[in-house]
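Biologist: Please take me through this model. I will ask what stands behind each label.

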Amino acid sequence: MDDRQVVIHAHMYQPPRENPWLEAIEIQDGAYPWHDWNERVTAESYAPNAYARILDEQKKIIRIANNYKNISFNFGPTLLGWLAEHSKPLYEAIIEADRASVRERSGHGNAIAQCYNHVIMPLATRRDKITQVIWGIEDFTHRFSRPPEGMWLPETAVDEETLEILASQGIKFTILAPHQAHMVRGPGASEWTHVDDNALDTRIPYSVRLPSGARISVFFYDGPAAKGVAFEGLLSDGVQFAERLMRIFSDPPAAGRPELAHIATDGESYGHHSRFGEMALAYCLYHIERNNLAKITNYGEFLEKNPPDREARIRENTSWSCYHGVERWRADCGCSTGAHPGWNQGWRTPLREAMDWLSDRLARSFEEKAGALFRDPWLARDRYIEVILDRADENAARYLGEHSSRTLSAAERVYALKLLELQRHGMLMFTSCGWFFDDISGIEALQVLQYACRAIQLHGDLHGEDLEEGFLRILSKAKTNIQGEAGDGEALYRAKVRTKAVDLDKVSVHYAISSLYEDFAPTQGLYCFDVTRRDYQRLEGTQGARLALGRINVRSRITGEEGENRFAAMRTGIHDINCWLCRCEDAGYEEFKKTVSCYFHKGELSTALREMDRYADGALYSLKDLFRDKQREILSVTISERIEKTELVYERMYEQDRYLMALLADFGVPIARVFLATAEFALGHELVKSIGAEPPDMERAAGLVREMAGWGVPPDHVEIELLLRRKLLALLSRLGEKPGPDPDGVRRLRGLLKFASMLPFALNLWEGQNVYYGMARSLYRELRDGHGQGADAWAAEFRELGGDLNFNTSEVFHE
């Protein structure tokens, strides 16, 4: 079916969410129960698309498909970097899917690149456009081990200058919305024809001739079908999805040339925005291939075999998500999410103006100061992606050696890296999501303001010039829609952004307080810092009191900046923390340690605290000064300790009251809620212990569940489901590690699943099914065909386990 070909493009993107000072994402409560939004959207969309279920008519799994092998896709570089660190198996599945597509599609991979951190390109300076493209290409090449053929433009926002830069960097094509085509003309034609969404033939690629004489190909996707996926419920049925794509083709078929039915949508449509959308996508592709309706391809392969013979001119300064061009990212144009009728987005203009004002001053100072260190400052910035991708000291030294105009001193190397970090944050602050949503108080706008704050801090450190007041004068014109919030951008910045700023002192405080609760290595990594212990002691007192005294060196792995601090931290209660940084020299520090530890040993904690204050720099720190995740961790441990003690009390109460409760039940007397509460806690605690035992005691657990049902109290859904899921994965992992058949292991798994089926909630089998499917395709056949002792019985039991996990085992094992 080479005359009918299909491409489905998924734009996978999350804005960079890292705390700019820590280079890590802190906990985001809005993403609960996940740690942060990257983690949540990964669980709901990116991971399911690597392990998409294809079901039969009985809703049994017949195949688990990696959708990335059969779709065109791009991942935002900052998101893919996060996946590489936090979801390694998924990251590797994505990379392998691209490798497989290269092998299967004439040397053309499914993945394409993206401009680095999703800035709106027509609103960026030429310098920033160039760097965004180069960084996007280099990040892609680093990860996929090949240069990209295509590049996704953020929000498909386009102008001719951006296309010129793409072409100059070797990019062959990009993807645009149909309304972004302005005029077209056919082979040999001299006259241009104006087109709109309806008149444009999206089934072919177009060549765009640029003012320089260069050319780039453009695929204008089918708008109605893409809209169906994004907004009209097309992902409710995979067959319906496939049929909608088939209607893009000419009827009757066009003679003499292949046609391409293709769409582009947010990748998050497949799972995050539309639950089980990844399954509809998988079944759509499966249905097309199984019924030979069309050939699944990608843009690179189609372009090589069907080079454009028609030309197009674009509508400049347009995008796919703003009816007014690119105004959504600089004005109150009327485009919004629609979630808050009556709100305005007048804040967008002053936010853009403040960022532009800051960016202009950062660029001028960079050009002036970097010129004294680098042979070509802007080339050095373009190549700085090499350091971002590999923060090793040796790599940074190599990079500086290649680009500096002379040998730099240690202080100059720190200065140079700070200059480049200043430029990185000066681009991160233009990430498009800062303007996309409905209010400046949203997490996306606050995130870009954090990047601006970090840039301002670095500029002040390097040049001694405070740009914050000028920045805030403009930002103060941005008014929030939310009553009760700080009223404008300046107030929000002071309350919610500047307070997040970190320096070496704050890292020292975090280390000092954290060391009261955990043991650190002699050199300990804390976020993007290394803390080296020069001297340290921790003393234990009565009633949980604890004292930590130390001298540490803190060094940034990003810029190489470092400094030394002495500290004292004391815990006098569960969460009553006092911490000071001490400015004394070595002799004074030794005297300070001796004095404070002496009073602490005597149990004179108040006197010890006064001595700590006397030697300190004046600032008192507490639990509030820990970074957000460590705060939560310490509070969670504290809460868990209290809960354990409370559970023991409830267990004793239940043992005392259970006979009375049974008597009341026999006589039909309503049981007081307080008795039921003790039963719920006591039995729930026993249930957790039974499931967590090694091996798990499923018979005991089943009895406890029946007892709880008799009292009408349910097991804790979240805790028990998570515990069972982890136990399921552990047992499957152990099964896969066994050198031979393990019938006992299979029976334990089946027992666990049988127990789960009696619970009043469903066990999430997703991860377990993925593991089983991998084993079914390798381990099962290896052990079955080995004909070892018990192999046949084990194979039969293993197949039964597949049925318990909702597989159609006849299809899975092709028998």
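Modeller: Helix 4 is mostly covered, with 14 of its 19 residues buried. This is a predicted model, in which local features need pLDDT of at least 70, side-chain atom pairs count only at pLDDT 80 or more, and totals for chains, interfaces and linings use all residues. Residues are numbered from 1 along each chain as its sequence is written, and side-chain values use heavy atoms, with hydrogens and water left out.

Biologist: What makes a residue buried, and what makes a run of residues a helix?

Modeller: Buried means under 20% relative accessible area, exposed means over 50%, and partly exposed is in between (1.4 Å probe, protein chains only). Helices (H or I, at least four residues) and strands (E, at least two) are DSSP runs, numbered from the N terminus.

Biologist: How do you know that the span of helix 4 agrees with its number of residues?

Modeller: The expected span is 1.5 Å times one less than the number of residues. For the 19 residues of helix 4 (residues 126-144) that gives 27 Å, and the end C-alpha atoms are 27 Å apart, so the two agree. Just after helix 4, S145 has a positive phi of about 60°.

Biologist: Why is helix 17 called oblique to helix 18?

Modeller: Helix 17 (residues 468-475) and helix 18 (residues 489-497) pack at about 130°, with axes 7 Å apart. Angles under 35 degrees count as roughly parallel, over 145 as roughly antiparallel, 65 to 115 as roughly perpendicular and the rest as oblique, so helix 17 is oblique to helix 18. Axes are lines fitted to C-alpha atoms, for helices over the stretch in contact, and angles run from 0 to 180 degrees between N-to-C directions.

Biologist: Which residues of helix 17 and helix 18 meet?

Modeller: E468, E469, F471, L472 and L475 in helix 17 meet G489, E490, Y493 and R494 in helix 18.

Biologist: How do you know that the protein chain is as compact as a globular protein of its length?

Modeller: The protein chain has 30 helices and 19 strands. Its radius of gyration is 31 Å, close to the 28 Å that the globule rule gives for 815 residues, so the chain is as compact as a globular protein of that length. The radius is taken over C-alpha atoms, and the rule is 2.2 Å times the number of residues to the power 0.38.

Definitions and conventions
Contact means heavy atoms within 4.5 Å.
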